[in-house]
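Visitor: I would like to learn how to read a few features of a model. Where do we begin?

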Amino acid sequence: MIYDFFYNLTGSQILAYVIGSLLPLFIFILPFALVAVLLERKVSAHMQDRLGPMRVGFHGILQTVADILKLIQKEDIVASPNDKPLFNLAPVLVFAGSYTAFAAIPFTSAFIGSNIDLGIIFIIAITGLVVAGILMAGWASNNKYTLLGAMRSAAQIISYEIPTILVVLTLIMITGTASLNKLSEMQSGHFWNWMILGGPGLSLTKFLFIPFMIIGFVIIYISTLAEVNRTPFDIPEAESELVSGYHTEYSGMKFAMFFLAEYANMFAVSAIVVALFFGGYQSPVGYLGNTFHLPWLIPIEQFFWFTFKGVFFVVVQMWLRWTLPRLRVDQLMAVCWKYLIPIAFVNLLIVGLITVL
Amino acid sequence: MSQYFKNIWSAISTVSIGMKVTFKHLFVPAVTIQYPDVKLELPERERNRLYMNMDDCIGCDQCARACPVNCIEIETVKSLPDEDLGKTSNGKRKALWVTKFNIDIAKCCYCQLCVFPCPTECIYMTDVYEFSEFKRDNLIYDYATLSPEERVQKKVNYEKFEAEKAAQKAAAAAAAAAKKAEEDKAKAENKEVKPENKEIKPETKATDTESKETKTDDKTTSSGNNETKPENKEDKTE
């Protein structure tokens, strides 16, 4: 584990913890946000037969760097009717909430921020903090658009947590563990051991699970999409109705923190889907490190595969965003309560019956 | 119940159709034209910035009169008889110094109405459309080729010439008046002899004086021409 490595290196437990906890931020989330923002703009542009950013660097690859430099220079505006303590606390809380989720995500077999047994439950619980931050931002901005956006966001995130948890419960029932690290380890080997294809082993139940796993995957993908407020579930930030939702009043680096949190969240939910259904950090075709007897190569390969799968689902999110129109509030609630929750329940019951058999 | 599953099916199928469409468009070449680097070819008869070819301008003021927004301002001064302004490319003789030719391009409405009346086709629309300025004054284009001193000089020259001409005229008029007076005297003497021709004579006299005036004018212009020609010859020889 990476913690032991840093402990041996520095000889101090505190330093090892600090370095270990800052690692995902600096080697993953910030570079990911840089790439993802550009990717989003490029993907959206090419889907609409445009070119997207082209002028900063080759084909605009330095566009996000330029944007961040601009955001740093911007004035940090706090309007006089704002509730200052809450207004300043909200972006920190939102970012902290989405960053804490990374603690329980296993990037490789060698690195996991906190190897807790209730990893997936911890992630779902800590995501609730984001709701508090969003509500805080919406209320403290003292603006009707931000408040409406925050209320919608809270309603949406809370209702979509139910199908997410039901699907997670299904998986916990099959595997008997809530630790994402153990879940990933279980799906080692090749891609036919992944949960989307019924999990490890070669028994009758594995094949019985497959259709229900696919249904479960679709449900959790849709509901996590709604949890990170992305189109078609972007009613909290609906640009055409609410300016830009709960972060309308924010500028400069505070706005950048919301932005960073959004992209961190996008990857976090993709990572959850990957860890639950697509083998986590496991390679689909075996490791080069095993064939060449280079044990140090394996974690790097695992990191590559995890990032690859995660980014793939992030790209699918973008693809959906630039395909579908925004749902109405009633449609949003209908999708959740009339379709996703009953189906997830039936799925849970059937999978439960199969496991009993 | 069947409606419920139909809804699910239609949701999944329509989403997948939409995703297929967007995925296809991911590989369609972009229609963007990267403007400052790449420019669209303009149509053949596009109307953009006016251009004025001062070499061919005869200062006829027709473009200024055709302009519906009065964005062209022209002032001209007649050339002196001893000045040769050359000819335009289609063979018209220039007779006027153009001391002011301003086009306020900020006012211009790109109607092209000034282009058609021009007898020498020296004002026309070009394909230049990037001419924004930070100061509005810079949008008043001065096409007159004369330097500011020359402009003043031409005006002064012409005024001098006019004054001389007026003096000549006055002298000629005085001479004519003196002649007339003499004739009148002679008439008064002849009056007693031939009273029948009384009504006809004044008319002929009037025509005579007119023809005299025109003759003097012709003399001055022709003499001017005669004077300029040798000068030109000298220039050539030099």
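Guide: With exposure. A residue is buried under 20% relative accessible area, exposed over 50%, and partly exposed in between. Keep in mind that this model is predicted.

Visitor: Is B:Phe161 buried, partly exposed or exposed?

Guide: B:Phe161 has a relative accessible area of 23%, so the residue counts as partly exposed. B:Phe161 sits in helix α3 of chain B, residues 148-191.

Visitor: Now a helix. How many residues of α10(A) are buried?

Guide: Apply the cut-off again: buried means under 20%. In α10(A), 22 of the 26 residues are buried, so the helix is mostly covered.

Visitor: What span does α10(A) reach?

Guide: Compare the end-to-end distance with 1.5 Å a residue. Helix α10 of chain A, residues 252-277, reaches 38 Å from first C-alpha to last, close to the 38 Å expected. A:Gly279 follows the helix, with a positive phi near 75°.

Visitor: And cavities? How many are of 30 Å³ or more?

Guide: The structure holds 5.

Visitor: Which helix gives the most to the lining of the largest cavity?

Guide: α10(A), with 4 residues. Helices α5, α6 and α8 of chain A also supply at least two residues each. The lining includes A:Glu161, A:Glu227 and A:Asn265. By type, the lining residues divide into 6 nonpolar, 4 polar and 2 charged.

Definitions and conventions: Residues numbered from 1 in each chain as written. Chains lettered and ligands numbered in written order. Predicted model: local features only at pLDDT ≥ 70, side-chain atom pairs only at ≥ 80, totals over all residues. Heavy atoms only, no water. Expected span 1.5 Å × (residues − 1). Buried < 20%, exposed > 50% of the residue type's maximum accessible area, 1.4 Å probe, protein only. 1 Å grid on protein atoms, 1.4 Å probe; cavity = no way out; pocket = protein on both sides within 12 Å on 5 of 7 lines; lining within 4 Å. Points joined across faces, edges and corners; volume = space filled by probe spheres on them. Nonpolar A, V, L, I, M, F, W, Y, C, P; charged D, E, K, R; others polar.
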